[in-house]
Amino acid sequence: MATAQTTQSNHSLFHDLFAKYAEAKTERFRKQIFAKTVRDLERLSDQQLHDIGISRSDIPQTAYQSVYQRAALTQ
């Protein structure tokens with residue numbers, strides 16, 4: 001009786017590793033942009049935040065939406 005052995009080709013393995021690396025790098029970039037967005041918004045005065053329609057307590061949510069939800073729309 002013959003046995004079948006399946007192996008993943010080197011091309012597929014390389015592709016999977018590269019895809020995971022690219023995904024991790026993209027996530028790291030998004031985290032950096034999120035942190036910068038939060039810092040930039042926190043530096044604004046209450047009046048400036050009011051002028052653009054953001055309350056101080058909404059800064060993290062607004063930054064998250066800006067970075068992550070817009071990225072989902074473009075994919």
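Q: Where do D40 and K36 lie, and how many residues apart are they?
A: This is a predicted model. Both D40 and K36 sit in helix 1, four residues apart, about one turn of the helix.

Q: What do D40 and K36 form, and how far apart are the closest N and O atoms?
A: A salt bridge needs a side-chain nitrogen of Lys or Arg within 4 Å of a carboxyl oxygen of Asp or Glu. Here the D40 and K36 atoms are 2.7 Å apart, and the pair forms a salt bridge. D40 is partly exposed at 32% relative accessible area. K36 is also partly exposed, at 41%.

Q: Which residues are linked in a network of salt bridges?
A: K36, D40 and R43. D40 meets R43 at 3.5 Å, N to O. These two are three residues apart in helix 1, so about one helical turn separates them. R43 is exposed, at 64%.

Q: How many salt bridges are there by this rule?
A: Three. One of them joins D46 and R56, at 2.8 Å from N to O. D46 lies in helix 2 and R56 in the loop between helix 2 and helix 3, so the pair ties together parts ten residues apart in sequence. D46 is exposed at 54%, while R56 is partly exposed at 36%.

Q: Which residues make up the largest nonpolar core?
A: In soluble globular proteins, nonpolar side chains tend to be buried together. Here the largest core has six residues: V38, L41, L49, I54, I59 and A63. Helix 1 and helix 3 each give two or more residues to this core.

Q: Which residues does L49 touch, leaving out those up to four places away in sequence?
A: L41, L44, I54, R56 and I59.

Definitions and conventions
Residues numbered from 1 in each chain as written. Predicted model: local features only at pLDDT ≥ 70, side-chain atom pairs only at ≥ 80, totals over all residues. Heavy atoms only, no water. Core = buried A, V, L, I, M, F, W, Y, C linked by side-chain atoms within 4.5 Å. Buried < 20%, exposed > 50% of the residue type's maximum accessible area, 1.4 Å probe, protein only. Contact = heavy atoms within 4.5 Å.
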